[in-house]
Amino acid sequence: MGCGFLLNGRHVEIDPGAPHATLLDILRSRGLTGSKEGCAEGECGSCSVLMVADEDGQSCYRAVNSCLMLLPTAADREIYTVESLANGGDLSDAQRAMASAGGSQCGYCTPGFVVNLFAEQYRRDRVGPCDPHALAGCLCRCTGYRPIRDAALSVGPPPDGFFKERLQRPAALLDAVAGERFARPTTVDEAVAWLASHPAAKIVAGCTDRGVEFNLRHARWPALISVEAIAELHQFNETDAEVRIGAALPLTDIGGRWLKAPAVVGEWLTLFASPPIRHRATLGGNLATASPIGDSAPLLLAWDAAVHLAGPAGRRVVPLASFFTGYRTTVLGQAEIVVAISLPKPLPDVRFYKVAKRRLDDISTVSAAMAVSLGPDRRVQQARFAFGGVAATPLRVIEAEAAAQGQPWNARTVERVQQAIERSLSPRGDHRGSKAYREQVSQSLVERFWLETTT
Ligand SMILES: Cc1cc2nc3c(=O)[nH]c(=O)nc-3n(C[C@H](O)[C@H](O)[C@H](O)COP(=O)(O)OP(=O)(O)OC[C@H]3O[C@@H](n4cnc5c(N)ncnc54)[C@H](O)[C@@H]3O)c2cc1C
Ligand code: FES
Ligand code: FES
């Protein structure tokens, strides 16, 4: 069965039987060489393109990394490359600003910056100048960021014309794609049935992990199933009893739709990769990939999250604390998918910490989410100490929580918590940090948390 997508306003046919090409490959093979391959792993932004996405029923432009989009997942999407932004030789504001501020030297990164700045210019809730943080997914090796920042700050409201008018119409709905090597069902039952009949198939959501496996580790799969078109996996609901987040809802939308989110959600999102990655990455993917340094697990563990699964034997709910079974393994069975993540209310007042080589857009060396609530007697009623990067899986340190329980929240208790953490954690050393470094950082994060919650 054929399918296609809109590329700079023109229909492009895709063969879903040939899933092993990226959107970037196809762009460049069609002569659209403005999008460049720099890193092929979502780090540099030089491959950025605009994707029309739905934001609470209204269209928006999102900059995404075309190097991390497998071609069949572009089916039904509307994509614009840097070549389409200038109107008949008349440069777009983003292009003009980059040129006038001296934001480009060799030019390799420039199309990526332009595309990201263009998306920022058209952001619906934007007031005042463009936010230079919107360009955080782009790297430049020669110009330096000062002129690029100046360019961003000089771009005003979007002008009238095609791109503004386009946002008056809704984004296209993602239809079902049914092939033998690639499928994109629209219901959970169809997904489970297809997976059951294609046991070697792999699941893909935002493709930010899979895309790296594909490009850098040369992974190839007999068949792929995308969960991006399953409406249930995109739901977000908040009631008095719980918050429920669809497994395939991109992180950007979690931020956008969780209107009464605690402040820690915004802090956590800012520390999670870059805007183009957050436009695609999902919670389901972050948990199912079971990386010990995944940033969502510590926060969700501290909130006592539950993972909702669907498989051939029906549906089940697993506490996140028992979801990971070992290094990069989970309880997910054959043909089973993550449908949603739920957080029981009231949510403990959690603080999230991420220690990495760079402050923004970096993978964690150690991450932690901690909460302590005190009773009327000023003793600890409930404690949560959850860590990433210090064991084969992200984990809650139950012994440390027990050490704090019923105690006054003071230096002596912090010491006992630290001792329990030292006994419980078994970090591995790697290029991001040695075993000893990770142990010390975990201890000092507890102290930092204590100081922040008592002074
Ligand atoms: C440049 C870059 C920066 C990054 N920075 C961070 C960071 O700061 N913090 C961090 O934690 N991670 C980071 N990541 C990793 C990645 O973005 C996250 O793990 C992301 O949440 C994965 O989600 P995805 O939808 O893209 O998953 P995919 O790549 O689509 O899939 C990942 C895995 O999950 C499985 N899967 C996906 N959805 C489901 C489902 N519904 N049910 C069952 N299995 C499923 C897939 O089969 C696959 O094994 C980064 C990645 C890149 C490329
Ligand atoms: S090539 Fe670097 S992000 Fe795609
Ligand atoms: S201008 Fe050369 S990499 Fe940015």
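Domain bounds, as used here, come from an automatic or database domain assignment. The structure described is a predicted model. With those bounds, domain 1 (1-171) and domain 2 (234-344) each supply at least three residues to the shell around ligand 1.

**The surroundings of ligand 1**

The shell comprises 34 residues, and the closest are Ile203, Thr208, Asp209, Thr282 and Asp295. By class, the shell residues divide into 18 nonpolar, 9 polar and 7 charged.

| Residue | Protein atom | Distance to an oxygen atom of ligand 1 |
|---|---|---|
| Asp295 | backbone N or O atom | 2.7 Å |
| Lys354 | polar side-chain atom | 2.9 Å |
| Gly285 | polar backbone atom | 3.5 Å |

Taken alone, ligand 1 exposes 990 Å², of which the protein buries 94%. The elements that contribute two or more residues to the shell are β8 (202-204), α7 (210-216), α11 (283-288) and β16 (337-344). Of the shell around ligand 1, α11 provides the largest share, with 4 residues.

**An open sheet**

Four strands, in the order β17-β18-β19-β20, make up an open sheet with antiparallel pairing. At its edges lie β17 (351-355) and β20 (395-396), each of which pairs on one side only. Strand β17 runs antiparallel to β18 (residues 366-374), and 5 bridges join the two. Lys354, whose polar side-chain atom lies 2.9 Å from an oxygen atom of ligand 1, falls within the range 351-355 of edge strand β17.

Terms used: Residues are numbered from 1 along each chain as its sequence is written. Chains are lettered from A and ligands numbered from 1 in the order in which they are written. This is a predicted model: local features need pLDDT of at least 70, side-chain atom pairs count only at pLDDT 80 or more; totals for chains, interfaces and linings use all residues. Side-chain values use heavy atoms; hydrogens and water are left out. Two strands pair if DSSP finds at least two bridges between them. A residue is near a molecule or strand if one of its heavy atoms lies within 4 Å of it. A polar contact is a pair of N or O atoms within 3.5 Å; within protein, one must be able to donate a hydrogen and the other to accept it, and residues adjacent in sequence count only if both atoms are side-chain atoms. Accessible areas come from the Shrake-Rupley method with a 1.4 Å probe; for residues, only the protein chains shown count as cover. Ala, Val, Leu, Ile, Met, Phe, Trp, Tyr, Cys and Pro count as nonpolar, Asp, Glu, Lys and Arg as charged, and the others, Gly among them, as polar.
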